[in-house]
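Let's take a walk through this model together, beginning with the parts that call for some caution and ending at a single loop residue.

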Amino acid sequence: MPKSSARSKSSRKSSKSTKKSVRRPSKSSKSTKSSKQESPLAILFPDLDAEISTTRRMLERVPNGKEDWRPHPRSRTLGDLSTHVAQLPGFGIMMLTTDGYDGLAGRRPEPKLSSSAERVKLFDELSAQMKGILQQLTWERARSTWTLRLGDKIVFEGPRTNILRTVFVTHSAHHRAQLGVYLRMLETPVPWSYGRSADEEPSRMA
């Protein structure tokens, strides 16, 4: 009996030591691993593809031969507005590849495009370039400062990706809304955006 008791005590000690030696991964190590896998593109721009597709649909609808039309003398012409929308991803590329811009240093003239096909082609090319750069973007680069200045005067500065969202995503949505009004006044069907328009249902809801 004493021998049997000694053995059971020994086996209990050994099972306790085995349990102690088993280490489970901590929650902090899991979250660290997860954060390493999440890119700035995935976290900060989960809506990028949807926004690009929505803008593209609007550009496709711009009628040819109406470049000089405008709803008001102080409004941009249809050609100017739609071309501006088509080249907005180019501003995104600039913000991802430079540390700032001086508005007094002169800017490149806007391209002269005369058809919706030309604008869609430019938009597709610039959007693909911008997305490719975003896919390689590091968190350090995403959080670094980008500055808009007029000579020595700083107009605004802030984290690169914050400004990119304002200048590309929000800016695009603003001008898309203007284009939608232009299309309506020209009796051109307005494509759906965040939901149905008066002319069509979103493809996922139709």
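Over residues 13-22 the pLDDT stays under 50, and the model has zero contacts there beyond four places in sequence. Here pLDDT is the predictor's confidence in each residue, from 0 to 100, and a contact means heavy atoms within 4.5 Å. Residues 28-35 also have a pLDDT below 50, with one contact in the model beyond near neighbours in sequence. For the protein, the mean pLDDT is 85, and 81% of its residues reach 70 or more.

A word on the ground rules: this is a predicted model, in which local features need pLDDT of at least 70 and side-chain atom pairs count only at pLDDT 80 or more, while totals for chains, interfaces and linings use all residues. Residues are numbered from 1 along each chain as its sequence is written, and side-chain values use heavy atoms, with hydrogens and water left out.

**Overall layout**

The protein has eight helices and three strands, arranged along the sequence as α-α-α-α-α-β-α-α-β-β-α. These elements are DSSP runs numbered from the N terminus: helices are H or I of at least four residues, strands are E of at least two. Confidence is lowest in helix 1 (residues 2-21), with a mean of 48, and highest in helix 6, at 97. Of the 206 residues, 33% are buried, where buried means under 20% relative accessible area, exposed over 50%, and partly exposed in between (1.4 Å probe, protein chains only). Among contacts between residues at least 6 apart in sequence, 70% join residues at least 24 apart.

**The nonpolar cores**

In soluble globular proteins, nonpolar side chains tend to be buried together. A nonpolar core is here a set of buried Ala, Val, Leu, Ile, Met, Phe, Trp, Tyr and Cys residues joined through side-chain atoms within 4.5 Å. The largest one has 31 residues, and those with the most contacts inside it include Phe45, Leu59, Met130 and Phe168.

Helix 5 supplies the largest share, seven residues. Leu59 gives a local view: not counting residues up to four places away in sequence, its contacts include Val85, Ala86, Val120, Phe123 and Leu179. A second, separate core has five residues, among them Met95, Trp146, Leu148 and Val167.

The three strands form an open sheet in the order 1-2-3, with mixed pairing; two strands pair if DSSP finds at least two bridges between them. Strand 1 (100-102) and strand 3 (153-159) are the edges, each pairing on one side only. Strand 2 (residues 145-150) and strand 3 run antiparallel and are joined by six bridges, one of which links Thr147 with Glu157 of strand 3. Helix 8 packs on the sheet, touching strand 2 and strand 3, and its direction makes about 105° with that of strand 3. For such angles, axes are lines fitted to C-alpha atoms (for helices over the stretch in contact), and values run from 0 to 180 degrees between N-to-C directions.

**A closer look at one loop**

Ser75 lies in the loop between helix 4 and helix 5. Is Ser75 buried or partly exposed? With a relative accessible area of 22%, Ser75 is partly exposed. Leaving out residues up to four places away in sequence, Ser75 touches Arg70 and Tyr182. The C-alpha atoms of Ser75 and Gln178 are 10.0 Å apart, although 103 residues separate the two along the chain.
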